[in-house]
Amino acid sequence: MKTLKTQKLVLAGILSGLAVIGSLISFPILGSRASPIQHIINMICAVLLGPSYGVAVAFIASLLRNLFGLGTIMAFPGSMIGAFLCGIIFSKTKNLFLTSLGEIVGTGILGGLVAWPLAILFLGESVGTLAFYAYVIPFLISTITGTIIAVGIINILKQNNIITWLERSDRSNDRD
């Protein structure tokens, strides 16, 4: 049991680091920067680690990106809400399509809507009625891009039996 927990913790650390490094890969959309790597990481965490680890990875990556000057306060709601929602959906359904929708709705829509008051509070921005265009649309474009890439990566992991191996390892440790 300790071995599996250690493996999950190490994988969570690696995925946090990849999310931070991956934030260097971004493109501008309206008033925001899209970084699809975080969405890839959210989906992989949902499938391999579950919702708790997914939210923790999203929080750590957002915190580090902010500390290193690679992100803004908007990194928190988008990544964490998306990680939570897709993690919960995958844990309940094991359906990758529904999990993808959870990431898109959680990050793209809910995260974008939560980012608007945070921007006003912490950045002094007043976008008023532009909230939808200023945050939701860029968040949606970023999350859809990352989610499509993540589905491809997860399918490759499935084809190579990596996900099956982790699930088997998890079940055998539950019996211990």
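Is Phe59 buried, exposed or partly exposed, and what is its relative accessible area? In this predicted model, Phe59 is partly exposed, with a relative accessible area of 37%.

## Packing of helix 3 and helix 4

Phe59 lies in helix 3, which covers residues 51–67. Helix 4 covers residues 75–93, and the two helices pack at an angle of about 165° with their axes 8 Å apart. Because angles over 145 degrees count as roughly antiparallel, helix 3 is described as roughly antiparallel to helix 4. The crossing of the two helices is right-handed.

## Residues in the contact

On the side of helix 3, the contact is made by Pro51, Gly54, Val55, Ala58, Phe59, Ser62, Leu63, Arg65 and Asn66. Helix 4 contributes Ala75, Phe76, Ser79, Met80, Ala83, Phe84, Gly87, Ile88 and Ser91. Sorted by class, the contact has 11 nonpolar, 6 polar and 1 charged residues.

## The aromatic pair

The count of aromatic pairs comes to 1. The pair is formed by Phe59 and Phe76, with 5.6 Å from centre to centre and 50° between the planes, and it is tilted. Phe59 belongs to helix 3 and Phe76 to helix 4, so the pair ties together parts that are 17 residues apart in sequence.

Phe76 has a relative accessibility of 16% and counts as buried, because the term applies under 20%. Phe59, at 37%, is partly exposed, because that class lies between the limits of 20% and 50%.

Key: Residues are numbered from 1 along each chain as its sequence is written. This is a predicted model: local features need pLDDT of at least 70, side-chain atom pairs count only at pLDDT 80 or more; totals for chains, interfaces and linings use all residues. Side-chain values use heavy atoms; hydrogens and water are left out. Axes are lines fitted to C-alpha atoms, for helices over the stretch in contact, and angles run from 0 to 180 degrees between N-to-C directions. Helices (H or I, at least four residues) and strands (E, at least two) are DSSP runs, numbered from the N terminus. Angles under 35 degrees count as roughly parallel, over 145 as roughly antiparallel, 65 to 115 as roughly perpendicular and the rest as oblique. A crossing is left-handed if the near helix is turned anticlockwise from the far one by less than a right angle, and right-handed if clockwise. Contact means heavy atoms within 4.5 Å. Ala, Val, Leu, Ile, Met, Phe, Trp, Tyr, Cys and Pro count as nonpolar, Asp, Glu, Lys and Arg as charged, and the others, Gly among them, as polar. Rings of Phe, Tyr and Trp (its six-membered ring) pair if their centres lie within 6.5 Å; planes under 30 degrees apart count as stacked, over 60 as edge-to-face and the rest as tilted. Buried means under 20% relative accessible area, exposed over 50%, partly exposed in between (1.4 Å probe, protein chains only).
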